[in-house]
Amino acid sequence: MAAGEKSRQEKAPRPEDGPAPRSGFRPWFFSGLSERAAGHPGPHRTEAGTTHQNSWWRVMCLTGVDYFSTLGYQPGIAALAAGVLSPIATLVLVLLTLFGALPVYRRVAKESFRGEGSIAMLERLLPRWAGKLFVLVLLGFAATDFLITMTLSAADATEHVVSNPYAPSGWGDHKLLITLLLLALLGGVFLRGFAEAIGIAVILVGIYLTLNLVVAVVGLAHLFTSSELIGDWGSALTTAHSSPLAMVGVALLVFPKLALGLSGFETGVAVMPQVQGDKSDTESNPAGRIRNTRRLLTTAAVIMSVFLLLTSFITTVLIPQKEFQPGGQANGRALAYLAHEYLGNGFGSLYDVSTILILWFAGASAMAGLLNLVPRYLPRYGMAPEWTRAVRPLVVVFALIAFLVTWVFDADVDKQSGAYATGVLVLMTSAAIAVTISAHRRRKTPSTIGFGIIALVFVYTTVLNIIERPDGVRIAGLFILGILVVSLWSRVGRAFELRTDQVVLDEAATRYLTAVSHGAIHIVAHEPDENEEHTLLAKEREERASNYIPAGEPVIFLEVTVSDASEFKSDLLVRGIERDGFQVLLMTSPVVPNSIAAFLLHVRDLTGVLPNVYFEWTEGNPVANLFRFLFTGEGEVAPTTREVLRRAEPDRELRPTVHVA
């Protein structure tokens, strides 16, 4: 019985379509990463193949718009979370930064030097469906991190706008609207294009850190001239906590709320392709780029650690605790409060403008991170439409989600900090776990123990943060659920594509097919691991009898071995061998029906003859077979092959014929 159209012997040339046109739009530096994920060379590579890269300190400024900009709100959040213990809790955070996050990401830079980050490490370490699902969950947390970075940064920029003494008094009633306008401007920039990001980042970071240094020095000078303030702070500490050990214990409990100060490391490794290396660097071993990226990470961590310690100390001692509370003058803008208080409204306004710009640019960095992640993973998994490889549609989608998040949180910095910290901590925990597994596989016992301890610390920090602020994991859970639903729905919707980029025949396979191209081509599908009683001779007799294949016409057997069924696409390498006097073609693919369909179309284009393929009906429940096809790459092979062919070749006259008996 046939499940296809009548076989045709005539030539069936198929016109070759050229590649889809590619947009030359490149919004800024990260678009190069996303375009490379989609097959583009990226903006840092010229036609001649030379690479436009930047010195490590310039790229550090690029990551610094995300990392250093947290100084705009971190001291206020720390004081709100830890009270007078804020400097001690910040010290714990700094120790975790320098002796936990920094060693982990220096290792990530070594093993993931193409800018793929820790998620790609885990993808390689955890293959098949378990790895894919784990990556999807991490992408949910990454989306939480990046999107909340956008919305929180815009909300804090708004706080600096409306709190400036020169701002109209009525602006304070329209924080949500101003935040939405800032996000809309961010989306508009990406739609329009942004090519000079590194130069702008260097200027913004340089000015911002200089202004923060001025505020910190002035604050310290004021403390030295008013030493009673330090005494009052010490008295408050001893009154609230009976001993130094108790202070440390409480600080260990509250410091996870300060985890926003750990952001920036994932971005730091994501920009590795932009870091200049040595002339002797190779594609497989860019030692100079790795060294300079590690220098970037270390320098940024040290600078940020110094600023975190200084600013947490001066803000806690100099600013009354009531001002950190919601509605207070220092809420979300502690350093700006000191700038206005001790350096006047002129300098304070300059500080506000600098903070607003770098916070807004931090949102741009987060948007770019999303544009890097989604095209790198979801389309490759078959878990997103192909249009998600393009920049503009993704910008619109992310901007709309950012609008929704801002509306839900009412543009409030404190309400969003929990979700932000959760995303940051989960990514860092995953990175620590990845380098621990990697060290174990390399049989590096001291590194395994060291990274394992760091991973446990991050697990503790993450769990404690989730317990203290479950709203963060709820928001992340919504992102994860959305990604899982959309991804699996897209995977099912795209299941009947050809799912291969090219078919390559070895010399023997080409010879077998060329030899039979003068007449009918009969391809018999054969299970690679059938029992001995199902020999090729018995299979040939069965197919000839069932499908009336003339005795004088040769048949070629086709065997497909399933590789990793979680992969969506693969190149097909077809090998020809002889077994028991029969010609056999061997293929390995993530999915059987689609690879057979792609092979048949390739045979048609190669020989000009419409091939015939012969199957047996698959036993079992049809629903169960459908799930087997979706998740194991097998299932109901014959009708699925026919459906893939139907979708790939709408013209019945040009479609290979499927026979089932």
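Arginine 499 is buried, with a relative accessibility of 7%, where buried denotes under 20% relative accessible area, exposed over 50%, and partly exposed the range in between (1.4 Å probe, protein chains only). The structure is a predicted model, in which local features need pLDDT of at least 70 and side-chain atom pairs count only at pLDDT 80 or more, while totals for chains, interfaces and linings use all residues. Residues are numbered from 1 along each chain as its sequence is written, and side-chain values use heavy atoms, with hydrogens and water left out.

Arginine 499 lies in the loop between helix H17 (470-493) and strand S1 (503-505); helices (H or I, at least four residues) and strands (E, at least two) are DSSP runs, numbered from the N terminus. Its phi is positive, near 60°. Most residues other than glycine have a negative phi. Alanine 411 also has a positive phi, near 55°, and is located in the loop between helix H14 (391-409) and helix H15 (413-441). Alanine 411 is buried, at 7% relative accessible area.

Strand S5 (residues 582-589) has six of its eight residues buried and is therefore largely enclosed by the rest of the structure. Strands are taken to pair if DSSP finds at least two bridges between them. Strand S3 (residues 555-562) runs parallel to S5 and is joined to it by six bridges; valine 560 stands opposite methionine 587 in S5. Strand S4 (residues 572-579) runs antiparallel to S5, with five bridges between them, and arginine 575 has leucine 586 of S5 as its bridge partner. In the hairpin of S4 and S5, two residues separate the strands, and aspartate 580 adopts a positive phi near 55°.
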